[in-house]
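Biologist: I am new to reading structures, and I would like a close look at the charged side chains that pair up in this one. Could you take me through them step by step, and show me what surrounds them?

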Amino acid sequence: MEQPDQLPPDAETIETIARATIAGLPRAFLDHLGDVVLLVEDFADDETLDALGIDDPYDLTGLYHGHPIGEKSSMESGALPDRIHLYRRAILDEWIATGVGLTELVRHVTIHEIGHHFGLSDADMHALEATVSDQ
């Protein structure tokens with residue numbers, strides 16, 4: 001019996017998982033994420049990749065653009081809002097290559113980028129991820 005073709009998860013699916021992840025964060029984090037914009041794109045643009053010294057767009061699954069909360073200044077009026085970019089094609093490539101569940105992978109990338117917003121260490125990011133995945 002022939003299997004129907006399955007399309008890869010689209011940007012809306014990735015965004016839904018990321019927003020559910022964000023909604024599952026402890027209130028102390030949620031209170032400081034209101035102005036952060038979540039964007040899901042297929043790949044990082046060439047300018048971003050060049051600035052980071054990345055040759056292969058599949059090597060970047062997410063990126064935080066902004067200043068960590070502890071580094072913000074009231075003198076930055078007119079600045080763009082902080083942004084979390086999730087790169088769908090790179091995430092899907094890692095999903096296929098690693099066998100990690102899509103929800104788990106998107107949760108990991110989302111929390112990692114949120115961690116940059118808060119200036120968290122990798123250990124703190126892993127601890128935060130554990131609180132979200134336990135819910």
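Modeller: Let's begin with Asp31, which forms a salt bridge with Arg27; a salt bridge here is a side-chain nitrogen of Lys or Arg within 4 Å of a carboxyl oxygen of Asp or Glu. The closest N and O atoms of Asp31 and Arg27 are 3.5 Å apart. Asp31 is exposed, with a relative accessible area of 51%, and Arg27 is exposed too, at 57% (exposed is over 50%, buried is under 20%, and partly exposed is in between, with a 1.4 Å probe and protein chains only).

A quick word on what you are looking at: this is a predicted model, where local features need pLDDT of at least 70 and side-chain atom pairs count only at pLDDT 80 or more, while totals for chains, interfaces and linings use all residues. Residues are numbered from 1 along each chain as its sequence is written, and side-chain values use heavy atoms, with hydrogens and water left out.

A search of the whole structure finds 3 salt bridges. Another one joins Glu15 to Arg19, with 2.8 Å between the closest N and O atoms. Both of these residues sit in helix H1 (residues 11-23), 4 residues apart, which is about one turn of the helix (helices, H or I with at least four residues, and strands, E with at least two, are DSSP runs numbered from the N terminus). Glu15 is partly exposed, at 29% relative accessible area, and Arg19 is partly exposed as well, at 42%.

Now look at Asp42, which forms a salt bridge with Arg88, again with the closest N and O atoms 2.8 Å apart. Asp42 lies in the loop between strand E1 (37-41) and H3, and Arg88 lies in helix H4, so this pair ties together parts that are 46 residues apart in sequence. Asp42 is partly exposed, with a relative accessible area of 35%, whereas Arg88 counts as buried at 13%.

Follow Arg88 into its helix. The buried residues of H4 are Arg88, Ala90, Ile91 and Leu92. They pack against H1, E1, strand E3 (83-87) and helix H5 (102-118), where contact means heavy atoms within 4.5 Å. Just after H4, Gly99 takes a positive phi of about 80 degrees.

H4 also has a part in another charged feature. Helix H4 (88-98) and helix H3 (46-52) each supply at least two residues of a negative patch, and H3 gives the most, with 3 residues. Among the members of this surface patch are Glu41, Asp45, Asp46, Asp59, Asp93 and Glu94. Patch residues have over 30% relative accessible area and no salt bridge, and like charges are joined within 9 Å. Asp59 sits in the loop between H3 and strand E2 (62-65), and it is exposed, with a relative accessible area of 57%.

Finally, step back to the whole chain. The protein chain has 6 helices and 3 strands, running α-α-β-α-β-β-α-α-α from the N terminus on. Buried residues make up 36% of its 135 residues. Of the contacts with a separation of 6 or more, 67% come from residues 24 or more positions apart.

Terms used: Patches are made of residues with over 30% relative accessible area and no salt bridge: like charges are joined within 9 Å, nonpolar side chains (Val, Leu, Ile, Met, Phe, Trp, Tyr) within 5 Å. Accessible areas come from the Shrake-Rupley method with a 1.4 Å probe; for residues, only the protein chains shown count as cover. Lys and Arg count as positive and Asp and Glu as negative; His and the chain ends are not counted. The place of a charge is taken as NZ of Lys, CZ of Arg, CG of Asp or CD of Glu.
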